[in-house]
Amino acid sequence: MEKTVEGFFDTYSDDFFEYFDRYKVLKVMQNKEYKNKSTNEKYPKVISLLEDKESVALNYEEGKAINKILKLQEELDGIEIKEAFKLGFKEALIYLETMNMLNYK
């Protein structure tokens, strides 16, 4: 009998978020749709506003940078949702196989 791939229920029964974060990093970062744009150097005040929640005055270019970052985040959220769906389907198949529910004999 083939060895079943270990899934969430076997590996991370206590910490789903840790499991999903690891999966997300591996899959999303490899996804060709994912765009990794660095704004740290060009717009440090934007990063202070978004990450550190500091109150800062922004110019027009920095405002455009925020819009771009928010759009990219929305795209990334969509990619993460797709990956979560795929992971859920994979986990369901693993679970059904371990319960012998996929044998049609």
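Here is a short chat about how some labels in this predicted model come about.

Me: Why is Leu93 called partly exposed?
Reply: Its relative accessible area is 37%. Buried means under 20% and exposed means over 50%, so Leu93, at 37%, falls in between and is partly exposed. You will find Leu93 in helix H4, residues 60-98.

Me: What makes Leu93 part of a nonpolar patch on the surface?
Reply: Patch members need over 30% relative accessible area, and Leu93 has 37%, so Leu93 passes that cut-off. Leu93 forms the patch with Phe89 and Leu102, and together they have about 260 Å² of accessible area.

Me: Good to know! Why is Ser55 called exposed?
Reply: Ser55 has a relative accessible area of 78%. Ser55 sits in the loop between helix H3 (44-50) and H4. Lys45 is 10 residues away from Ser55 in sequence, with 9.2 Å between their C-alpha atoms.

Me: How do you know that the reach of H4 is close to what is expected?
Reply: H4 has 39 residues, and the distance from its first C-alpha to its last is 57 Å. The expected value at 1.5 Å a residue is 57 Å, and H4 comes close to that.

Me: What makes the pair Asn59 and Glu61 a polar contact at the start of H4?
Reply: A side-chain oxygen of Asn59 comes to within 3.1 Å of the backbone nitrogen of Glu61. Polar contacts are N or O pairs within 3.5 Å, so this pair meets the distance cut-off.

Notes:
Residues numbered from 1 in each chain as written. Predicted model: local features only at pLDDT ≥ 70, side-chain atom pairs only at ≥ 80, totals over all residues. Heavy atoms only, no water. Patch = residues over 30% accessible without salt bridge, like charges linked within 9 Å, V, L, I, M, F, W, Y side chains within 5 Å. Areas by Shrake-Rupley, 256 points an atom, 1.4 Å probe, with all protein chains shown as cover. Salt bridge = Lys/Arg side-chain N within 4 Å of Asp/Glu carboxyl O. Helix = DSSP H or I, 4+ residues; strand = E, 2+ residues; numbered from the N terminus. Buried < 20%, exposed > 50% of the residue type's maximum accessible area, 1.4 Å probe, protein only. Expected span 1.5 Å × (residues − 1). Polar contact = N/O pair within 3.5 Å; in protein donor to acceptor, adjacent residues only side chain to side chain.
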